[in-house]
Amino acid sequence: DGQQRITTVSLLILALKELIDNGSKAIDNPQKESAVLYKKYLVDEYSDDTCKLKLRHIPGDAETFEALFEKDFSNKQSKLVKNYLFFQEQIMNSTLSAEEIIDAIERLLIIDISIDKEDNPQLIFESINSTGVDLNEGDKVRNYVLMDLSLGPQTKFYENYWKKVENFTARPNDQDGVGLFIRDFLTAKTSTIPNLSCIYAEFKKYCSNNEALLEDREGLFKLLTAYAEVYHY
């Protein structure tokens, strides 16, 4: 939880670093301070991965976020780009010094919650998220089918299947296309039309009544992708 907050702070740090690098925001020992911001907060130098950025986004956002490090702002419609440029403008117009902004960033706290193997991460996530802005039904279904998997299978199933489901079911004006698709999927499978506010709950019930679906997770993703493709056409 907290992906949006960490993204916001990362964009702020990257914007400040760039302004220090090009001399637009004065600070004592700019080369050192820029290196500290980069290596302390933005990258993991010792990671074995090709991408060493600490913050990992979903495909699409990931490419845009990485491009910001190369000063590539070509994806003008991306909220990542818009917010990065917003922070640069605000920093330049602010009376706060670079040192004061860095001091404020260093005062932020992150709560790290460790769970035991027998704990259900999905249920914990639901209880935490219930205090904030509700996720849409499609987001809840995505978390349900992906969250209990390790990083490797998560990435594989998202790239090979779930991303296609999202593309096949996309709706204009930020409508919950996946949620509406899952509603029709459940209608076809159970002959009962779920209430719009209960799509996720009914999907969980459907999976609980068909345990083989979660045991063969790739089979479930293949099934959803096949239905989504027909649904698209």
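A: Helix H7 (residues 137-146) and helix H10 (residues 199-209) pack at an angle of about 30°, with their axes 8 Å apart; axes here are lines fitted to C-alpha atoms, for helices over the stretch in contact, and angles run from 0 to 180 degrees between N-to-C directions. H7 is therefore roughly parallel to H10, given that angles under 35 degrees count as roughly parallel, over 145 as roughly antiparallel, 65 to 115 as roughly perpendicular and the rest as oblique. This is a predicted model, in which local features need pLDDT of at least 70 and side-chain atom pairs count only at pLDDT 80 or more, while totals for chains, interfaces and linings use all residues. Residues are numbered from 1 along each chain as its sequence is written, and side-chain values use heavy atoms, with hydrogens and water left out.

Q: What hand does the crossing of H7 and H10 have, and which residues make the contact?

A: H7 passes H10 in a right-handed crossing; a crossing is left-handed if the near helix is turned anticlockwise from the far one by less than a right angle, and right-handed if clockwise. On the H7 side the contact is made by Glu 137, Lys 140, Val 141, Tyr 144 and Val 145, and on the H10 side by Ile 199, Tyr 200, Phe 203, Lys 204, Cys 207 and Ser 208, where contact means heavy atoms within 4.5 Å. Sorted by class, the contact of H7 with H10 has seven nonpolar, one polar and three charged residues; Ala, Val, Leu, Ile, Met, Phe, Trp, Tyr, Cys and Pro count as nonpolar, Asp, Glu, Lys and Arg as charged, and the others, Gly among them, as polar.

Q: OK, and how does H9 pack with H10?

A: Helix H9 (residues 177-190) and H10 pack at an angle of about 40°, and their axes are 10 Å apart, so H9 and H10 are oblique to each other. The crossing of H9 and H10 is left-handed. H9 contributes Gly 179, Ile 182, Arg 183, Phe 185, Leu 186, Lys 189 and Thr 190 to the contact, and H10 contributes Ile 199, Glu 202, Phe 203 and Tyr 206. Those residues of the contact of H9 with H10 divide into six nonpolar, two polar and three charged.

Q: What about H1 and H5, parallel or antiparallel?

A: Helix H1 (residues 3-21) and helix H5 (residues 98-106) pack at an angle of about 155°, with 11 Å between their axes, and they are therefore roughly antiparallel to each other. H1 passes H5 in a left-handed crossing. The contact is made by Val 9, Leu 12, Ile 13, Leu 16 and Ile 20 of H1, together with Ala 98, Ile 101, Ile 102 and Ile 105 of H5. By class, the contact of H1 with H5 has nine nonpolar residues, no polar and no charged ones.

Q: Zooming out, how many helices and strands does the protein have?

A: The protein has 12 helices and zero strands, taking helices (H or I, at least four residues) and strands (E, at least two) as DSSP runs, numbered from the N terminus. Its C-alpha atoms fill a box of roughly 70 × 40 × 35 Å, taken along the principal axes. Of the 233 residues, 34% count as buried, where buried means under 20% relative accessible area, exposed over 50%, and partly exposed in between (1.4 Å probe, protein chains only).

Q: Last one, where does Glu 229 sit?

A: Glu 229 has its place in helix H12 (residues 217-232), and it is partly exposed, with a relative accessible area of 39%.
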